[in-house]
Amino acid sequence: MSSLSFRNVHKRYDNTEAIRGIDFEIAEGEFVALVGPSGCGKSTLLRMIAGLESVTEGDIMLGDQSINEFAPKDRNIAMVFQNYALYPHMTVAQNLAFSLQLKGASKAEMAARVNDVAQSLGLTPLLERLPRQLSGGQRQRVAMSHAIVRQPQAFLFDEPLSNLDASLRVKMRTEIKALHQRLRTTTIYVTHDQVEAMTMADRIVVLKDGLIEQVGTPLELYDTPRNAFVAGFIGSPSMNFVHGHLDLNNDAHVVTDGGLRLPLATRPNAEQGARVIYGARPEDFRLDATGRGLPAEVVVVEPTGSETQIAARFAGQDLIVAYRGRIDARPGDRIHLLPRTERTHLFDAHSRARLN
């Protein structure tokens, strides 16, 4: 295994710049997730690492060596695709052994490595089956084994769980994380699902329009997002945003466009009257039975058993509020909400950069 680094990496297609100067480093043995909306460049970046796309400018380094000019087969990097990429006419055992066969490995070495990997991922009873005889989860396990058996310096995962149902995705997330903890191979994981990224990755790279918005641990991104885009993208349900302006007379407040006052824990580094975006996570509101809180109208109640989510309308804007346990509320009810001031966020309305 080895570290990966990106030095001013660009990718252009004619007049379109898909990757616009990316610099960051992935430590040896680290699990890093690339996330962002469709078209942000995360899959393009992964394909450039694998050698399936060329680098227009800059360098991708594996260890201390640029791999820009290496053919995909010479990079010692294994990729796991969304669609499994298995040979349909080969058995599971033949699929696993194929890359070793191309490298000229002996039959004894192939058998030993295939059996070892198959045992570790519970595939031994399936070795003589064809891919069409496997479930989606089993096929994905074979695809992962196909990558592992090569003993690469790095693993690349391109949205590998997108084709699986919800319960199987959760199970496979756990398996992939446990696998990484055992092998400690450098891993880059592309996903559109930020919950996947937060539960699996050591660090997350948030991309937008071919640029890095923020790099950090899952909790760093969740607790201190650099800007409103990261704040809204990381977390499910998303952070609530309320627009207004600053009132710094006496205690600092945000005055919403509807005229309501939202308290701030600290005085921000901004001018009186500045246009701002006030952010609060769904779990950072509490119900106020005394009527002192912010008035909101319940629109939808979504009980999930362990948690209740309420969609409400406040000052002409929509909010999502989440509570542990069960709440006796119905659509049309008036509730009063108190934000946990110490956990609120503030962003400049024009630059959308973090202020507090």
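Strands here are DSSP runs of E, at least two residues long, and helices are runs of H or I, at least four long, both numbered from the N terminus. This is a predicted model, where local features need pLDDT of at least 70 and side-chain atom pairs count only at pLDDT 80 or more, while totals for chains, interfaces and linings use all residues. Residues are numbered from 1 along each chain as its sequence is written, and side-chain values use heavy atoms, with hydrogens and water left out.

Back to the hairpin. S4 and strand S5, residues 65-66, pair in the antiparallel sense over two bridges; two strands count as paired if DSSP finds at least two bridges between them. Two residues lie between the strands of this hairpin, and glycine 63 takes a positive phi near 70° there. S4 also pairs with S1, again antiparallel, over five bridges. In that pairing arginine 7 stands opposite aspartate 59 in S4.

Now the open sheet. Six strands form it, in the order S6-S7-S8-S3-S9-S10, with mixed pairing. Strand S6 (77-80) and strand S10 (211-216) are at the edges with a single partner strand each, so one side of each has no neighbour in the sheet. From one strand to the next, the twist averages 20°. Within the sheet, S3 (residues 31-35) and S9 (residues 203-208) run parallel and are joined by four bridges. Alanine 33 has isoleucine 204 as its bridge partner in S9.

What lies across S3, S6, S7, S8 and S9? That is helix H1, residues 42-50, running at about 145° to S7. Axes are lines fitted to C-alpha atoms, for helices over the stretch in contact, and angles run from 0 to 180 degrees between N-to-C directions.

Next, the cores. A nonpolar core is a set of buried Ala, Val, Leu, Ile, Met, Phe, Trp, Tyr and Cys residues joined through side-chain atoms within 4.5 Å. Buried means under 20% relative accessible area, exposed over 50%, and partly exposed in between, with a 1.4 Å probe and protein chains only. The largest nonpolar core has 47 residues, of which Met144, Ile176, Ile204 and Val206 touch the most other members. Apart from it lies another core of 27 residues, including Phe24 and Leu156. Leaving aside residues up to four places away in sequence, valine 206 touches Val35, Leu211, Ile212, Glu213, Gln214, Leu221, Phe229, Val230 and Ile234, contact being heavy atoms within 4.5 Å.

Last, the salt bridges. The rule is a side-chain nitrogen of Lys or Arg within 4 Å of a carboxyl oxygen of Asp or Glu, and the count comes to 16. Lysine 11 bridges to glutamate 53, with the closest N and O atoms 3.8 Å apart. This pair links distant parts of the chain, 42 residues apart: lysine 11 is in strand S1 and glutamate 53 in the loop between H1 and S4. Are they buried or exposed? Lysine 11 and glutamate 53 are both buried. Together with Arg47 they are linked in a network of salt bridges.

Lysine 73 and aspartate 74 form another salt bridge, at 3.3 Å between the closest N and O atoms. Here lysine 73 is exposed, at 68% relative accessible area, and aspartate 74 is partly exposed, at 45%. In helix H5 (residues 166-183), glutamate 175 and lysine 171 are four residues apart, which means about one helical turn between them. Their side chains meet in a salt bridge at 2.8 Å, N to O.
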